[in-house]
Amino acid sequence: MNLASIDWIIMLVYLAFVLGIGFLLKRKVKTSTDFFLAGRAIPAWVCGLAFISANLGAQEVIGMAASGAKYGIATSHFYWVGAIPAMVFVGIFMMPFYYGSRARSVPEYLRLRFDEKTRGLNAISFAIMTVFSSGISMYAMARLIQTLHILDAPFQRMNISSGWIFHVSIIFSALIVLGYIFLGGLSSAIYNEVLQFFLIVAGFLPLVWLGLKNVGGWHGLKENLPAGSTHSWVGMSNPHTNLLGVEWFGLVMGLGFVLSFGYWCTDFLVVQRAMAANSMSAARRTPLIAAIPKMLFPFLVILPGLIAIALPTQPARATVSPSAVSEEVRAAGKGLIPAKIDSHTGRLELDKHGKPVLDYDLAIPNMLLHYFPTGLLGLGLTALLASFMSGMAGNVTAFNTVWTYDIYQSYIRPNASDLHYLFMGRLATIFGIGLSMVAAYAATRFNNIMDMLQLVFAFVNAPLFATFLLGMFWKRTTGHGAFLGLISGMVAAAIHHGVTLSADAVPGIKGAWLGTVIHVYPSEMAQNFWTAIWAWSSCFIVTIVVSLFTRPREEKELVGLVYSLTQRLDEGQVSWYKRPATLGALVIALTVLLNLIFW
Amino acid sequence: MGLDIRLPIGGLFAVLGALLAAYGLLSNPTLYQHSLGINVNLDWGLVMLAFGLIMIVLGRRGSLRKNAEIQLESADREPSQQRPH
């Protein structure tokens with residue numbers, strides 16, 4: 001790829017703004033609350049946009065376009081089933097306890113509601129997870145810069161070996177993110193996330209517009225795609241009649257309930273954005289405001305994937321293929337999506353049925369190269385980089401807060417001055433990013449270790465929502481119940497994964513590592529959803545049973561933490577259209593409508 | 001927080017929009033073969049510029065109002081503080 005000066009200027013202007021915001025906000029950071037919670041002074045719409053932007057990391061833009069190309073419009077289930085309902089629930093029902101309890105983090109809420117061990121389990125696993133996710137973002141970004149040959153020309157000009165591109169990308173992205181978080185803390189991260197949100201929209205909207213115009217609008221697109229890929233629900237009654245390989249129950253319960261509620265309602269990375277809001281009402285509106293752009297995101301990120309696969313297979317033009325392209329390799333690709341090449345043999349990678357494996361992750365990059373001229377290309381790439389950085393920064397701010405408040409202040413050094421914790425927060429930002437870099441390099445060496453870690457995180461996360469649901473809505477739930485429930489959920493997830501397999505997989509990291517196969521799922525997705533369902537159910541049941549046998553806490557200690565013991569909020573002062581219930585109903589109605597349109 | 005976020009957003013979009021639009025005006029039309037013959041740099045640059053300017057106007061109005069509120073508050077407070085003397 002050859003970038004012209006205008007492309008570089010656009011990127012530099014963006015970076016200047018990102019760091020500039022950090023410098024401007026630095027003066028405002030005087031206490032640890034300013035640094036970790038943005039002084040609880042951010043308006044609802046800003047928190048709302050940061051709420052989705054923090055989640056808009058690498059996996060979102062690249063990954064959703066890739067699954068759009070692979071599975072078609074059914075990918076929208078990850079939004080309309082797998083995000084919106086949970087976002088409405090956290091805003092209306094859970095935020096009063098997160099924000100109202102004045103907890104400074106999600107693990108801290110667990111300590112207030114349950115006990116120290118439940119908090120510790122959540123805080124430590126969460127801290128490790130954020131560092132690794134941020135490292136994976138960093139790794140993916142450096143790999144993309146390598147694959148797209150963005151830095152090849154400037155490196156050649158400066159006579160630096162292209163072997164350095166990966167290292168320079170890692171260090172450079174780490175320094176930028178470090179710079180703006182170190183200076184301005186969470187406010188700086190939130191401000192930049194909002195900036196990134198608008199930039200991502202500005203970078204991808206013209207792509208969708210040009211692409212749709214090119215293929216002849218939605219109707220033209222439909223004609224060029226296989227029938228199954230333009231419907232989201234048709235064929236969902238049976239896993240074998242839809243491209244996802246999941247039946248509706250597994251989808252709705254596994255993705256729509258367990259995984260989605262587990263992420264959007266309990267993950268501190270997103271909840272932290274709402275906790276920074278300037279009032280209870282603003283905190284409750286945060287996820288609801290976020291839900292509106294979120295439900296429209298499929299059009300921005302999934303459509304490019306659909307367009308990429310619908311276009312005629314490209315001749316020699318400027319698409320990126322993994323390496324030198326022979327005619328055979330090019331013909332094996334589909335639309336703008338090239339076939340994967342086995343890095344050991346240098347030949348086409350084939351699946352079990354002898355068909356070439358496609359590199360769907362290149363859908364978005366190739367779309368950018370296909371449609372964008374110099375100038376707009378710079379903007380598109382900047383948007384892509386912005387999405388990586390917002391994903392990274394979200395993890396780093398969540399990490400430094402949980403580390404400082406829930407680990408350092410709780411177990412290592414309680415009772416220090418506020419200034420000391422502010423200092424520790426800045427220090428945690430540095431070593432959090434340092435650890436992410438270590439994780440990014442670990443990913444280059446030991447691909448399996450990363451896969452395994454992600455699997456372990458999936459086990460740890462799956463049962464979480466059962467704990468929060470019982471904790472917030474059943475006053476009888478005890479700390480022992482919550483803790484043992486969580487452990488049992490994780491174990492259930494691991495066992496379920498250990499005795500099942502998906503149709504095309506071999507035993508090992510993909511399942512069945514306990515030696516026996518009790519059930520074979522039609523797809524890996526179905527296996528993951530059902531692992532989550534088992535984990536959640538086990539946690540739910542064990543928490544209830546153990547709670548019934550252990551002594552509950554005094555009711556007066558639980559005021560503000562449990563639904564039945566907390567006074568209903570008086571919304572009298574807020575105008576009707578700002579009320580969470582109204583907004584929530586509107587969001588749900590719109591989501592149902594979108595599902596019907598793309599049925 | 002003191003800084004109205006619409007100002008940096010507006011600033012970034014105005015600068016990027018102006019850059020793209022200017023580049024679109026000056027660039028060779030053959031560049032736009034990729035983009036179906038549409039000068040997307042010019043068109044999208046103008047859209048971004050307009051969006052940026054609107055954000056700046058809204059942001060400035062927002063900060064002016066905020067400053068006025070702060071002044072009003074301090075004006076309210078002063079007489080009550082002076083009363084005991």
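How do the helices H6(A) and H14(A) lie to each other, roughly parallel or roughly antiparallel? I opened the notebook with that pair.

**Ground rules.** I am working on a predicted model, where local features need pLDDT of at least 70, side-chain atom pairs count only at pLDDT 80 or more, and totals for chains, interfaces and linings use all residues. Residues are numbered from 1 along each chain as its sequence is written, while chains are lettered from A and ligands numbered from 1 in the order in which they are written.

**H6 and H14.** I looked up the two axes first. They come within 8 Å and cross at roughly 165°. Axes here are lines fitted to C-alpha atoms, for helices over the stretch in contact, and angles run from 0 to 180 degrees between N-to-C directions. H6(A) and H14(A) are therefore roughly antiparallel to each other. The cut-offs I used: under 35 degrees is roughly parallel, over 145 roughly antiparallel, 65 to 115 roughly perpendicular, and the rest oblique. Helices (H or I, at least four residues) and strands (E, at least two) are DSSP runs, numbered from the N terminus.

I also noted the hand of the crossing of H6(A) and H14(A), which is right-handed. A crossing counts as right-handed if the near helix is turned clockwise from the far one by less than a right angle, and left-handed if anticlockwise.

Next I listed who meets whom. From H6(A) the residues include Ile84(A), Met87(A), Val88(A) and Gly91(A), and from H14(A) they include Ala283(A), Pro287(A), Ala290(A) and Lys294(A). Contact means that the C-beta atoms of two residues, placed from the backbone, lie within 7 Å. The residues of this contact divide into 15 nonpolar, 3 polar and 3 charged. In these classes Ala, Val, Leu, Ile, Met, Phe, Trp, Tyr, Cys and Pro are nonpolar, Asp, Glu, Lys and Arg are charged, and the others, Gly among them, are polar.

**Met87.** Is Met87(A) buried or exposed? Met87(A) is buried, because 29 other C-beta atoms lie within 10 Å. The scale is 20 or more for buried, 12 or fewer for exposed, and partly exposed in between, counting other C-beta atoms within 10 Å, placed from the backbone. Leaving aside neighbours within four places in sequence, Met87(A) is in contact with Trp264(A), Pro287(A), Ala290(A), Ala291(A) and Lys294(A).

**H13 and H14.** I then turned to helix H13 of chain A (residues 268-275) and helix H14 of chain A (residues 280-310). Their axes come within 8 Å and cross at roughly 130°. H13(A) and H14(A) are therefore oblique to each other. Arg273(A), Ala274(A) and Met275(A) in H13(A) meet Ala283(A), Thr286(A) and Pro287(A) in H14(A). By class, I wrote down 4 nonpolar, 1 polar and 1 charged residues for this contact.

**Asn122.** I checked a residue in helix H8 of chain A (residues 116-147), namely Asn122(A). Asn122(A) counts as buried, with 29 C-beta neighbours inside 10 Å. Leaving aside neighbours within four places in sequence, Asn122(A) is in contact with Pro107(A) and Leu110(A).

**Domains.** Chain A is divided into domain 1 (1-26 + 51-320 + 368-445) and domain 2 (323-358). The bounds come from an automatic or database domain assignment. I noted 29 Å between the C-alpha centres of the two domains of chain A. Their contact takes 9 residues from domain 1 and 6 residues from domain 2. H14(A) turns up again, giving 3 residues, the largest share of the domain 1 side.

**Chain B.** I ended with chain B, which has 2 helices and 0 strands. Buried residues make up 31% of its 85 residues. The contact between the chains takes 33 residues from chain A and 23 residues from chain B. H10(A) gives the most to the chain A side, with 10 residues. That side divides into 25 nonpolar, 6 polar and 2 charged residues.
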